[in-house]
Amino acid sequence: MSSGDTTEKVEKEHRPSPIDVHVGSRVRLRRTLLGMSQERLGEALGLTFQQVQKYERGVNRIGASRLFDLSRVLDVPISFFFDDLPGSVGGSQGFANRVAGFAETQEGFGDDTLHRRETLELVRAYYRISDPSVRKRVFDLIKAMTPVE
């Protein structure tokens with residue numbers, strides 16, 4: 001093995017797995033949608049905010065028991081963390097489709113709409129409207145303003 005091969009192997013070992021990065025980004029998405037800080041999530045899990053940061057970047061792999069705890073604290077099913085996982089990441093059959101079990105194939109969003117700051121701020125503002133009837137009227141207004149498909 002040449003020194004170039006050794007360097008490449010060491011670099012590859014230290015790069016986060018694309019699946020770990022995706023799961024971490026889903027943790028960040030849900031935490032942000034809930035308006036929860038990394039520090040608050042860490043406290044709920046018995047971790048430091050730095051450990052939460054590492055999970056969200058995919059630097060640290062999330063184990064099964066920790067994933068279970070995250071799903072409980074963030075109030076989502078475990079499958080949420082694998083939603084929209086690109087098929088190319090999980091192999092030829094697509095990991096995201098296998099996670100869905102026997103259900104029909106799940107399709108992800110074609111763009112990064114859910115990951116935009118604007119979307120997160122809009123969702124947070126929407127859920128801060130305490131009166132359900134006002135919230136419904138805002139929802140109806142937004143729907144009325146969008147082009148018909």
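**Pocket, core and aromatic pairs of the predicted model**

The largest pocket holds about 200 Å³ of space, where a pocket is an open set of points on a 1 Å grid over the protein atoms alone, at which a 1.4 Å probe fits, with protein on both sides within 12 Å along at least five of seven lines; the volume is the space filled by probe spheres set on the points, which are joined across faces, edges and corners. The structure is a predicted model, in which local features need pLDDT of at least 70 and side-chain atom pairs count only at pLDDT 80 or more, while totals for chains, interfaces and linings use all residues. Residues are numbered from 1 along each chain as its sequence is written, and side-chain values use heavy atoms, without hydrogens and water.

The pocket lining (residues with an atom within 4 Å of a point) consists of Leu122, Val123, Tyr126, Phe139, Ile142, Lys143 and Thr146. Helices H7 (117-128) and H8 (132-145) are the elements that give two or more residues to this lining, helices being DSSP runs of H or I with at least four residues, numbered from the N terminus. By class, the lining has 5 nonpolar residues, 1 polar and 1 charged (Ala, Val, Leu, Ile, Met, Phe, Trp, Tyr, Cys and Pro count as nonpolar, Asp, Glu, Lys and Arg as charged, and the others as polar).

The largest nonpolar core comprises 19 residues; such a core is a set of buried Ala, Val, Leu, Ile, Met, Phe, Trp, Tyr and Cys residues joined through side-chain atoms within 4.5 Å. Two or more core residues come from each of H2 (18-33), H3 (38-45), H4 (49-57) and H5 (64-73). Among the residues with the most contacts inside the core are Leu74 and Phe81. Beyond its neighbours within four places in sequence, Leu74 is in contact (heavy atoms within 4.5 Å) with Val27, Arg30, Arg31, Leu34, Met36, Leu41 and Phe81.

The whole structure contains 2 aromatic pairs, defined by ring centres within 6.5 Å and classed as stacked under 30 degrees between planes, edge-to-face over 60 and tilted otherwise. Phe80 and Phe81 form an edge-to-face pair, because their ring centres are 5.6 Å apart and their planes are at 80°. Phe81 is buried, at 0% relative accessible area (buried is under 20%, exposed over 50%, partly exposed in between, with a 1.4 Å probe and protein chains only). Tyr126 and Tyr127 are also paired edge-to-face, at 5.0 Å centre to centre and 85° between the planes. Tyr126 is partly exposed at 22%, whereas Tyr127 is exposed at 58%.

Technical notes:
Rings of Phe, Tyr and Trp (its six-membered ring) pair if their centres lie within 6.5 Å; planes under 30 degrees apart count as stacked, over 60 as edge-to-face and the rest as tilted.
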